[in-house]
Every structure is written in C-alpha cells, then in structure tokens.
Amino acid sequence: MDIEITHEETGAKGRYIAYVAGETDTGEMTYSRISPSRIIVDHTGVPESLGGQGVGSALARHVVAEAREKGFTIVPLCPFLKAQAERHPDWAAVIEGV
C-alpha cells in the first residue's frame, strides 16, 4: 500500500495527513506544540473507508521518525499513539511517559 504523509503547522497547532493511493479519504494525526522541543499528539483519525490498511500505524511511525530527526519529544495524549508507543519500546527516547 502506498501511503504519503504531509505536514501542516499553523502557529502552535499542526497535523500530519495520510493520503492513500487511489483513495479520496485521508487519515490525520493532530498535535499542539508546547515548546520548540515538545509536542502533544491529541488525536489520530482514520475514516472507516481506510480502516485496516495501516494508515494509523504509518502516521505514528512518521511522527516518531520526525521527532528523532528534528529533536523533539512527544506527549501522547492520543490513546492510539499511546498504545502504539507501548508496543514499541524503541520509541521511548522520543515518547514521554511510556
């Protein structure tokens, strides 16, 4: 499956948007920036039409990779991201409180 993820940020709010090839619906992960080195991920949304295709997991992996690359940490208030982080102990360096 081909999933492309883009990023939008306006002020302290941002989101990652997942586009699946051949689909019109998109998935998203939203966050608030609380400092230059910390974000709070508060929501992951994947429409039913994209369910079971790994869109949420792709968003989680993407935000973790970006945190590592850009040097910020993530506070996972989103239940989905928190559950993913608990399954991936190797993310502990960038995920707070897991």
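Glu66 counts as buried, at 12% relative accessibility (buried, under 20% relative accessible area; exposed, over 50%; partly exposed, in between; 1.4 Å probe, protein chains only). Its salt-bridge partner is Lys70, with the closest N and O atoms 3.9 Å apart (a salt bridge is a side-chain nitrogen of Lys or Arg within 4 Å of a carboxyl oxygen of Asp or Glu). Lys70 is exposed, with a relative accessible area of 52%. Both residues lie in helix α1 (residues 55-70), four residues apart, about one turn of the helix (helices are DSSP runs of H or I, at least four residues, and strands of E, at least two, numbered from the N terminus).

The model is predicted, with pLDDT of at least 70 needed for local features and 80 or more for side-chain atom pairs, while totals for chains, interfaces and linings use all residues. Residues are numbered from 1 along each chain as its sequence is written, and side-chain values use heavy atoms, with hydrogens and water left out.

The structure holds five salt bridges. In one of them, Arg38 pairs with Glu96, the closest N and O atoms being 2.9 Å apart. This pair links distant parts of the chain, Arg38 in strand β4 (residues 38-45) and Glu96 in the segment after α2 (79-87), 58 residues apart. Glu8, Arg15 and Glu28 are linked in a network of salt bridges.

One aromatic pair was counted (ring centres of Phe, Tyr or Trp, its six-membered ring, within 6.5 Å; planes under 30 degrees apart stacked, over 60 edge-to-face, the rest tilted). The ring centres of Tyr16 and Tyr31 are 5.6 Å apart and the planes at 35°, so the pair is tilted. Tyr16 and Tyr31 are buried.
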